[in-house]
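Here are some notes to read with the model open beside you.

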Amino acid sequence: MASQFKLCSFMTCPWVQRAAIVLQAKKIPYDITYIDRNKRPDWFLAVSPHSKVPVLLIDGKDALFESNAIAEYLEETAAPRLHPEDPLARARNRAWTDYVPDFAEAISSTAYSNSEEEFAREAATIAKPFGRLEEALSRRGNDGPYFNGPKFSLVDAAYAPFLQRYTFTDRVKPVGAIGKFPRLAAWGDALLAAPAVKASTVPNIEAVWQENLILRKRWLGKFVSKSVLGAAAA
């Protein structure tokens, strides 16, 4: 009997999106429930040691937290396999997946800056992780469009949400970093066009993300069109 999955999320969380991308890529049916970050229910706090999302509920009795653990569990229990078959390639993919927090931090810190000065300072840090990935893509030994070539993988699922958030940020106020890294830019374009990525969020995710900037009183929110509030609620 197939397991029943419920994914616990905040509306715009990129770490939850990573888990959702894996579920979508494997065509695993799942439900999703959105947690109020300002009023996290007791049942959620009981299964999330960090009080964070994602949490994957399995058959209503087991719970997994942390996006990497969820992705690896799904990889071990459901086809198709998304990791490479070659052990060295698989280890390399896992190593670059472990680099995601550094990559994500530079993007998130820029998007959630509290002043123009902080935005400029944080945006300047993006070049280092972008350069690391540009170098990795130059050494991957294939023509893409994904990290391992034509097949979508777990490392693709890990980076897609953050390349998407970079794109959202850059559209609100140009950061201008990714144009210096053509391989990374092409990879990002391929990831955002991937069916599993497109199906992994609410349909109006960019508007909801922009609304979140406004509601959380982030400096970047002042550049968001006020009409986005209506678009996010639609």
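1. Start at Pro80, which sits in the loop between H3 and H4. The peptide bond joining Ala79 to Pro80 is cis, with omega about -5°. Helices here are DSSP runs of H or I with at least four residues, strands are E runs of at least two, and both are numbered from the N terminus.

2. A word on the ground rules: this is a predicted model, where local features need pLDDT of at least 70, side-chain atom pairs count only at pLDDT 80 or more, and totals for chains, interfaces and linings use all residues. Numbering runs from 1 along each chain as its sequence is written, and side-chain values use heavy atoms, with hydrogens and water left out.

3. Next, look at the loop between helix H2 (42-47) and strand E3 (55-58), where Pro54 is found. The bond from Val53 to Pro54 is cis too, with omega near 5°. Ser51 is in the loop between H2 and E3, and has a positive phi, near 60°, without being a glycine. Ser51 is partly exposed at 25% relative accessible area (buried is under 20%, exposed over 50%, partly exposed in between, with a 1.4 Å probe and protein chains only).

4. Asp59 is worth a click as well: it lies in the loop between E3 and strand E4 (62-65). Its phi is positive, about 55°, and it is no glycine either. Asp59 counts as partly exposed, at 37% relative accessibility. For context, most residues other than glycine have a negative phi, and most peptide bonds are trans.

5. Now the largest pocket, with a volume of about 770 Å³. A pocket is an open set of points on a 1 Å grid over the protein atoms alone, where a 1.4 Å probe fits, with protein on both sides within 12 Å along at least five of seven lines; lining residues have an atom within 4 Å of a point. Volume is the space filled by probe spheres set on the points, which are joined across faces, edges and corners.

6. Which residues lie nearest the centre of the largest pocket? They are Cys13, Pro14, Trp15, Lys52 and Val53, out of 34 lining residues. H5 gives the most to this lining, eight residues.

7. The second largest pocket is about 300 Å³. It has 13 lining residues, with Phe10, Met11, Arg37, Asn212 and Leu215 nearest its centre. Helix H11 (residues 205-215) supplies the largest share of that lining, four residues.
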